Amino acid sequence: MALLIVLAVLAALIIAVLAWLIITYNHLVKLRNNVEEGFATMEVYLKLRFDLIPNLVEVVKHYTQYERTTLEAIVQGRAQAHYAIGMDERIQGEAQVTRALGRLFAVAENYPELRASEQYLQLQKELSSIEDDIASARRYYNGVVRQSNTAVQMFPTNIIASMFSFAHYPFFEVEDYERHNPGIQL
């Protein structure tokens with residue numbers, strides 16, 4: 001009778017541990033899928049920006065003949081983001097595009113006829129809307145990355161995470177140059 005009770009308790013412990021393993025594994029899978037969904041959503045908006053950039057470059061090129069380095073930086077950043085392998089490279093490429101676009105708009109301030117161009121204003125308005133969508137998608141992505149990375153790093157979930165090779169994901173962070181307000185001079 002005592003042996004039967006010991007076996008029953010042992011069986012209950014084994015079932016409890018297996019249930020915990022299954023629940024933990026499924027939770028990690030859900031978090032991984034949320035991260036991938038967040039990145040895919042952000043990629044949709046990054047693709048819209050990617051598609052808009054050649055039009056913007058052509059309009060600016062039409063009005064400015066001397067800003068070749070800024071335009072080349074945009075094209076180079078766009079190519080780096082497009083051909084990136086993995087999230088880390090893609091995030092770096094998109095940061096380069098964002099920096100170059102900031103320089104482009106700074107350059108445009110020196111060309112009143114460009115700023116008055118209806119086509120330029122429409123492209124700038126579309127880009128601004130897309131940038132807002134990217135910022136929103138970035139917030140969601142970083143939120144699910146935080147949840148996933150926390151689960152992957154915390155004990156005892158980290159044991160399951162390492163057994164099944166669950167990854168630590170990179171945040172889509174603001175670049176240093178974006179942290180500082182450049183100031184407006186009137």
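The exercises below work through helix packing and nonpolar cores in a predicted model.

**Exercise 1.** Find which residues of α2 are buried and how they are arranged around the helix axis.

Solution. 
- Start with the length: α2 has 15 residues and spans 21 Å from its first C-alpha to its last, close to the 21 Å expected at 1.5 Å a residue.
- Next, list the buried positions, which are Thr70, Leu71, Ala73, Ile74, Gly77 and Ala81.
- Viewed down the axis of α2, these buried residues fall within an arc of 155°, so they line one face of the helix.
- On the other side of α2, Arg68, Thr69 and Gln76 are exposed.
- Finally, look for the cover: α1 and α3 are among what lies over the buried residues of α2.

**Exercise 2.** Determine which elements build the largest nonpolar core and which members touch the most others.

Solution. 
- The core holds 34 residues, and Leu101 and Tyr141 touch the most other members.
- Two or more residues each come from α1 (2-63), α2 (68-82), α3 (86-108) and α5 (118-153).
- The largest share, ten residues, is given by α1.
- Leaving out residues up to four places away in sequence, Tyr141 touches Val35, Gly38, Phe39, Met42, Met87, Ile91, Tyr169, Pro170, Phe171 and Phe172.
- Another core, of eight residues, lies apart from this one and includes Val29, Val152, Ala161 and Phe166.

**Exercise 3.** Decide whether Leu21 is buried, partly exposed or exposed.

Solution. 
- Locate the residue: Leu21 lies in helix α1.
- Its relative accessible area is 28%.
- Buried means under 20% and exposed over 50%, so Leu21 is partly exposed.

Technical notes:
Residues are numbered from 1 along each chain as its sequence is written. This is a predicted model: local features need pLDDT of at least 70, side-chain atom pairs count only at pLDDT 80 or more; totals for chains, interfaces and linings use all residues. Side-chain values use heavy atoms; hydrogens and water are left out. A nonpolar core is a set of buried Ala, Val, Leu, Ile, Met, Phe, Trp, Tyr and Cys residues joined through side-chain atoms within 4.5 Å. Buried means under 20% relative accessible area, exposed over 50%, partly exposed in between (1.4 Å probe, protein chains only). Helices (H or I, at least four residues) and strands (E, at least two) are DSSP runs, numbered from the N terminus. Contact means heavy atoms within 4.5 Å. The expected span of a helix is 1.5 Å times one less than its number of residues. The arc is that of the directions from the helix axis to the C-beta atoms.
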